[in-house]
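Biologist: I am new to this structure and would like to learn how its features are read. Could we begin with the aromatic rings?

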Amino acid sequence: MVMIPENLSEKAKYDLVLVDKAIKGDQKAYAELMDRYRDAIYYMLLKMVNNKSDAEDLTLEAFGKAFKNIHQYTPNFAFSTWLFKIASNNCIDFIRKRKANLISIDQGPEDAEGNSMSPSSVIPASTPDPEENLIKEQNIRLIQEVVSKLKPRYRKLIELRYFKEYSYEEIAEELNLPLGTVKAQLFRARELLSNILSNLPPHHK
């Protein structure tokens with residue numbers, strides 16, 4: 001168990017207990033951390049980007065980055081402070097990239113990270129990648145624990161892709177969404193799930 005600094009609030013001390021459990025592979029701890037801060041992160045990002053869809057995507061991206069680097073968190077300050085810093089920095093990067101893209105309107109298509117892609121670098125939509133295979137191989141109950149904390153739109157996307165194994169095209173048709181939107185949102189959802197699953201100890205995998 002990590003040492004809990006006395007200067008932290010009761011809420012921050014409880015977060016630290018959850019972080020410790022998460023690092024040890026407790027899926028419910030990840031889900032609870034998400035549940036505690038998802039809405040606050042979302043509304044902060046919504047004020048920054050003024051777009052609900054972008055704010056939802058960026059919220060998921062922030063948790064993905066935080067959980068991927070959760071081992072780097074030190075309890076010198078509250079987990080919420082660290083999480084909000086990751087979310088705001090990521091959002092600033094997103095805004096900066098979007099402005100740059102508006103200036104260069106003749107550039108090629110972009111991936112979910114905002115990087116330009118040549119046609120040869122675009123992976124066919126039906127080809128599962130290693131991260132997708134990792135997610136499909138995991139204990140479904142563990143995944144559902146975290147998925148249950150996502151916004152309904154993401155829950156539906158993940159349910160169709162991983163539980164019902166729909167193709168991207170089938171998901172786009174089912175949800176009446178552009179194919180590019182489906183791919184970008186599933187990229188973020190997959191990154192979050194993969195980051196969490198990779199932190200689980202071997203006996204959970």
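Modeller: This is a predicted model, and in it Tyr37, Tyr73, Phe77, Phe79, Trp82 and Phe84 make up one aromatic cluster.

Biologist: How many aromatic pairs are there by this rule, and what describes a pair of aromatic rings?

Modeller: A pair of aromatic rings is described by the distance of the centres and the angle of the planes. The count here comes to nine aromatic pairs. One of them joins tyrosine 37 and phenylalanine 79, a tilted pair with 6.4 Å from centre to centre and 55° between the planes. This pair links distant parts of the chain, since tyrosine 37 belongs to helix α2 (residues 27-49) and phenylalanine 79 to helix α4 (residues 79-103), 42 residues apart.

Biologist: Why is the pair of phenylalanine 79 and tryptophan 82 called tilted?

Modeller: The ring centres of phenylalanine 79 and tryptophan 82 lie 5.7 Å apart and their planes stand at 45°, so the pair counts as tilted. Both residues lie in helix α4, three residues apart, which is about one turn of the helix.

Biologist: Is phenylalanine 79 buried or exposed, and what of tryptophan 82?

Modeller: Buried means under 20% relative accessible area; phenylalanine 79 is therefore buried at 0%, and tryptophan 82 is buried at 13%.

Biologist: Which residues form a negative surface patch?

Modeller: The negative surface patch consists of Glu169, Glu170, Glu173 and Glu174. Glutamate 174 sits in helix α8 (residues 168-175), and because its relative accessibility is 46%, glutamate 174 counts as partly exposed.

Technical notes
Residues numbered from 1 in each chain as written. Predicted model: local features only at pLDDT ≥ 70, side-chain atom pairs only at ≥ 80, totals over all residues. Heavy atoms only, no water. Patch = residues over 30% accessible without salt bridge, like charges linked within 9 Å, V, L, I, M, F, W, Y side chains within 5 Å. Areas by Shrake-Rupley, 256 points an atom, 1.4 Å probe, with all protein chains shown as cover. Salt bridge = Lys/Arg side-chain N within 4 Å of Asp/Glu carboxyl O. Lys, Arg positive; Asp, Glu negative; His and termini not counted. Charge placed at Lys NZ, Arg CZ, Asp CG, Glu CD. Helix = DSSP H or I, 4+ residues; strand = E, 2+ residues; numbered from the N terminus. Buried < 20%, exposed > 50% of the residue type's maximum accessible area, 1.4 Å probe, protein only. Phe/Tyr/Trp six-rings, centres within 6.5 Å; stacked < 30°, edge-to-face > 60°.
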